[in-house]
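Hi,

Here is the structure I said I would pass on.

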Protein chains: 2
Amino acid sequence: MNIDGRTEVIAHLGYPTHAFKAPMIYNPYFEADGINAVVVPFACRPEDFAHALRSLFRMDNVRGALITMPHKVSVVDLLDEVTPTVRVAGACNAVRRLPDGRLQGDQFDGAGFVRGVQRKGVRLPDTRALVVGAGGVGSAIAASLAQAGVGELALFDVNAGVALALAARLREHHPHLPVHTGSADPQGFGLVVNATPLGMAEGDPLPFDVDRLQSGTLVGEVVMRTETTALLAAAQARGCRVQVGTDMLFEMIPAYLEFFGLPVTTPERLRALARVKY
Amino acid sequence: MNIDGRTEVIAHLGYPTHAFKAPMIYNPYFEADGINAVVVPFACRPEDFAHALRSLFRMDNVRGALITMPHKVSVVDLLDEVTPTVRVAGACNAVRRLPDGRLQGDQFDGAGFVRGVQRKGVRLPDTRALVVGAGGVGSAIAASLAQAGVGELALFDVNAGVALALAARLREHHPHLPVHTGSADPQGFGLVVNATPLGMAEGDPLPFDVDRLQSGTLVGEVVMRTETTALLAAAQARGCRVQVGTDMLFEMIPAYLEFFGLPVTTPERLRALARVKY
């Protein structure tokens with residue numbers, strides 16, 4: 001990593017920062033391809049975030065910011081412009097400065113999931129999708145599925161109000177998309193996503209009834225604790241195709257690179273270069 | 001350079017940043033020794049500097065800041081505490097956060113010069129020193145010579161008022177030190193410093209009359225355009241010892257490392273590891 005006076009900075013803002021993985025994914029790629037940019041972690045407390053964000057973007061060589069917990073929601077109100085995906089997801093984790101100096105926010109976590117299933121052959125306009133879990137990541141995936149033109153979308157959350165609120169946001173921004181809530185039954189869906197934390201702890205129950213999965217359904221997972229979670233193993237045993245959690249992670253990076261105006265590469269290459277292994 | 005969620009940042013603030021050298025000196029050393037810290041350039045305009053400095057130091061993992069043009073003077077009034085060296089030099093280029101959160105500034109440019117001549121055997125309390133040029137770098141060198149206990153100090157600047165003002169600051173903070181102004185005649189001095197920009201351009205006149213140098217005098221140079229400037233060549237021809245400009249540069253780095261609480265190494269090793277060659 002040859003940082004010099006022309007290096008551009010992507011500020012990675014969160015608190016705490018110790019578990020940050022982005023520097024170990026982006027920076028080895030920048031280094032390998034001689035891209036004069038660097039992702040730098042900043043441990044920024046909630047009460048300092050608004051000032052920090054504005055201050056950093058006043059620097060000529062700050063090209064963008066990656067925003068993570070606990071700022072992903074609060075950042076939305078600090079920006080001059082956000083995409084519909086941000087509005088639906090209710091959270092933003094990428095900010096860039098537009099040529100006129102205004103700050104624009106977007107959100108590509110869900111785009112990573114969508115790119116992954118598209119590359120596995122899923123034709124979204126023909127697909128009924130079920131997203132189980134309507135928190136941060138579930139909202140992001142639902143937002144990106146809607147943006148990508150999914151045929152129909154069902155949402156479930158153990159907290160029914162959370163699913164209803166997400167459905168309302170989806171209907172506001174995607175009025176022609178059929179959105180259902182209230183059931184985690186996967187039968188009849190071509191794409192089913194676990195966007196709950198179930199699977200992060202040993203012995204967690206499965207997030208939905210896998211016996212109701214149809215063979216041929218693609219089951220996606222956001223949990224990255226192991227490559228093949230208990231859910232994915234059960235789905236595979238039923239004849240389903242699967243998408244592992246890290247596919248979503250590495251599929252989203254090219255979208256972020258593009259947003260920041262940096263050269264893009266493939267998820268496979270990013271995975272091979274990353275200094276963090278999954 | 002393995003930046004991760006535990007990396008500490010030294011923010012290098014200036015405008016413009018294109019000629020920055022510090023990242024190419026500090027970072028290869030951090031990398032070689034597995035020190036989890038990184039010097040990151042920030043192109044910060046004067047009108048944004050006060051906010052930027054405060055914002056950056058609110059981040060838990062910002063360990064320090066290197067301050068360069070055009071902020072070296074204005075930063076002094078933004079700090080909670082500065083050393084006498086900063087007061088005499090009238091400029092500060094290193095800031096750290098004290099345990100109680102206050103910001104403290106120091107200045108080691110002159111310390112680099114002083115460490116260099118001390119390692120060349122100069123015993124400062126027995127030495128009469130002449131500093132030619134009383135601008136930023138001349139003031140820093142004079143401040144550090146005074147701090148290090150030089151026996152006597154003479155100052156010259158083509159702008160007499162600048163030398164008089166520096167002399168007044170020196171007398172205020174070092175009341176027992178004899179300080180003279182008004183002549184660039186090097187005769188009778190054991191240590192003579194060119195702290196003017198003369199030598200940066202081809203064909204510059206020499207900053208003082210080298211025919212008046214005594215053999216055995218140590219002649220120091222701040223100009224780094226070439227290793228042996230015309231002044232140093234003339235001084236060597238008169239039987240003088242010399243200190244080249246880059247000696248000052250690499251001698252100052254250990255002082256900055258110590259100030260930031262980072263592991264220290266030798267100037268020689270820093271020079272060998274640096275990705276910028278002089």
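Before the notes, one definition: two residues count as in contact if their C-beta atoms, placed from the backbone, lie within 7 Å. Please also keep in mind that this is a predicted model.

Let's start with where the two chains meet. By that contact rule, 31 residues of chain B touch 31 residues of chain A. On chain B's side, the elements that contribute two or more residues are α1 (22-32), β2 (37-43) and α2 (49-58) of chain B. The largest share, six residues, comes from β2(B). Sorted by class, the side of chain B that touches chain A has 16 nonpolar, nine polar and six charged residues.

How are the two copies related? A rotation of 180° with 0.0 Å of shift along its axis puts chain B onto chain A, with an RMSD of 0.0 Å. That is the relation of a two-fold axis. If you want to find the axis on screen, go to M1(B): in chain B, its C-alpha is the one nearest the axis, at 2.8 Å. As for the surfaces involved, 100% of the interface residues of chain B are also interface residues in chain A, so the copies meet through the same surface.

Now the sheets. I'll take one from each chain.

In chain A, look for an open sheet of six strands in the order β2-β1-β3-β5-β6-β4, with mixed pairing. β2 (37-43) and β4 (81-82) of chain A are at the edges with a single partner strand each, so one side of each has no neighbour in the sheet. Further in, β5 (residues 94-97) and β6 (residues 103-106) of chain A pair in the antiparallel sense over four bridges. One bridge to pick out there joins R96(A) to its partner Q104(A) in β6(A). Helix α2 (residues 49-57) of chain A lies across β1 (8-14), β3 (62-67), β5 and β6 of chain A, and runs at about 155° to β3(A).

In chain B, the sheet to look at is also open and has six strands, in the order β9-β8-β7-β10-β11-β12, but here the pairing is parallel. Its edge strands are β9 and β12 (241-243) of chain B, each pairing on one side only. On average, neighbouring strands of this sheet are turned by 20° against each other, direction ignored.

You can walk through part of this sheet strand by strand:

- β7 (residues 128-132) and β10 (residues 191-194) of chain B pair in the parallel sense over four bridges. A129(B) has L191(B) as its bridge partner in β10(B).
- β10(B) and β11(B) are also parallel, again over four bridges. Here V193(B) is partnered by G220(B) in β11(B).
- β11(B) and β12(B) pair in the parallel sense over three bridges. G220(B) has its bridge partner in β12(B) at Q243(B). Between these two strands, the chain goes through helix α7 (residues 230-237) of chain B, and this β-α-β crossover is right-handed.

Which way do the residues of β11(B) point? L218(B) and G220(B) point one way, V219(B) and E221(B) point the other way, and all are buried. Helix α4 (residues 109-119) of chain B lies across β10, β11 (218-221) and β12 of chain B, at about 150° to β11(B).

E202(A) sits in the loop between β10 (191-194) and β11 (218-221) of chain A. Is E202(A) buried or exposed? It has 8 other C-beta atoms within 10 Å, and 12 or fewer counts as exposed, so E202(A) is exposed.

L177(B) is in the loop between α6 (160-173) and β9 (179-181) of chain B. L177(B) has 17 C-beta neighbours inside 10 Å, so this residue counts as partly exposed. Leaving out residues up to four places away in sequence, L177(B) touches A146(B), L153(B) and L170(B). The C-alpha atoms of L177(B) and G149(B) are separated by 8.2 Å, although the two residues are 28 residues apart along the chain.

That's what I have for now. Happy browsing!

Terms used:
Residues numbered from 1 in each chain as written. Chains lettered and ligands numbered in written order. Predicted model: local features only at pLDDT ≥ 70, side-chain atom pairs only at ≥ 80, totals over all residues. Buried ≥ 20, exposed ≤ 12 C-beta atoms within 10 Å, placed from the backbone. Nonpolar A, V, L, I, M, F, W, Y, C, P; charged D, E, K, R; others polar. Least-squares fit on C-alpha atoms with pLDDT ≥ 70 in both. Pairing = 2+ DSSP bridges. Axes fitted to C-alpha atoms, helices over the stretch in contact; angles between N-to-C directions. Right-handed = clockwise from strand over helix to strand, strands pointing away.
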